[in-house]
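Hi there,

Here is the structure I promised to hand over. My notes on it follow below.

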Amino acid sequence: MFIPTSSICFISVSLRSSSSNIHPNATWIQNGLTVAGGNGPGSGINQLYNPVSLYVDDDQTVYVAEWSNHRIVEWKCGATNGRVVAGGNGSGNGAHQLSNPRDVIVDKERDSLIISDQSNKRVVRWPRQNGISGEPVISNISCGGLAIDENGFLYVTDIGKHEVRRYKVGDTEGTVVAGGNGCGNRPDQLSSPYYVFVDRDHSVYVCDYGNHRVMKWEEGAKQGIVVAGGQGQGDSLKQLSRPFGVVVDQLGTVYVTDHANHRIIRSPKGAVQGSIIVGGNGQGQQSNQLDYPMHLSFDRHGNLYVAEWGNNRVQKFNINSNA
């Protein structure tokens, strides 16, 4: 049984996007504020250990997937401690456990979380309030990133098969909507796709990690087009190095976590190169630096949130008020 329609039609804007257009020339305050973790790696309630993904709710509550703590943690706006809302019972395949969760999104209608439980090769639904166990909804998949469109279709990257699949209600097999032609760098191929974003037109944007590019696959397309990177691995503004997370705003501007370059890149629609919006000041733990950023999200005000693997924290970069 897949996710009932009533449980996943909650989304009114594309996952992780701002609910309002971000101005093409918007800037963000370069010194980030730590809103989760930042107290070294560990399993304490004020710590994170290798955060890989995040979801920011309407009230700026941040849900963080912790790779090495095998849990999902909720951090309320202004909180100094998090609250474990899924997993946290050691690595394992029990119903009460997770093993290297890769992504998390919120299902508001059913007040639950949808989690990519990567090392268990399953996608699970977990009650958000006092849930003690999860329910598998997709199994036997090398799951990475998750996204939902306004029709309630769930999109999941299959890292091992180098493809993205779309699942409708009641469907456990899914339909390939990006990749699916083996590992490679052709326009119809992907190489270790990690995170995915779906826009209002049902175009799928994929962080093509192994090819150092972001690909856009329009609905029904047989191949994708490069919308960021794709010029080989490097640190020029035309290049990316191990991109992980991607978000696209309502103007078609692409925002990417340029993982190995320790920066966030903005690439306007049709642009031949991007620009650095935060980070890019070398690998480090200062407030204007990033250390292997994994994923990003915007709140409804346009503030930017970044999960950092190396610094074991989530940073919030406030949008400049004159933007």
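Which residue takes a positive phi in the hairpin of S6 and S7? That residue is Asp-111, with phi near 50°, and the hairpin has four residues between its strands.

Before the rest, a word on the basis. This is a predicted model, in which local features need pLDDT of at least 70 and side-chain atom pairs count only at pLDDT 80 or more, while totals for chains, interfaces and linings use all residues. Residues are numbered from 1 along each chain as its sequence is written, and side-chain values use heavy atoms, with hydrogens and water left out.

One of the bridge partners is Ser-112 in S7, which stands against Asp-107. S6 is mostly covered, as seven of its seven residues are buried (under 20% relative accessible area, with exposed meaning over 50% and partly exposed in between, for a 1.4 Å probe and protein chains only).

There is also an open sheet of four strands in the order S2-S3-S4-S5, with antiparallel pairing. Its edge strands are S2 (51-56) and S5 (83-87), each of which pairs on one side only. On average, neighbouring strands here are turned by 25° against each other, direction ignored (axes are lines fitted to C-alpha atoms, and angles run from 0 to 180 degrees between N-to-C directions). S2 joins S3 (residues 62-66) through five bridges in the antiparallel sense, and Val-56 stands opposite Val-62 in S3.

Next, a loop residue to look at. Gln-289 lies between strand S21 (275-279) and strand S22 (293-298), and is buried at a relative accessible area of 14%. Its side chain reaches the backbone oxygen of Asn-281 at 3.0 Å. Leaving out residues up to four places away in sequence, Gln-289 touches Asn-281, Gly-282, Gln-283, Gly-284, Glu-308 and Arg-313 (contact means heavy atoms within 4.5 Å).

Finally, the cysteines. With a disulfide taken as a pair of cysteine sulfur atoms within 2.5 Å, the count comes to zero. Cys-143 is in no disulfide, and the nearest cysteine sulfur, that of Cys-207, is 17 Å away. Cys-143 counts as buried because its relative accessibility is 0%.

How values were computed: Two strands pair if DSSP finds at least two bridges between them. Helices (H or I, at least four residues) and strands (E, at least two) are DSSP runs, numbered from the N terminus. A polar contact is a pair of N or O atoms within 3.5 Å; within protein, one must be able to donate a hydrogen and the other to accept it, and residues adjacent in sequence count only if both atoms are side-chain atoms.
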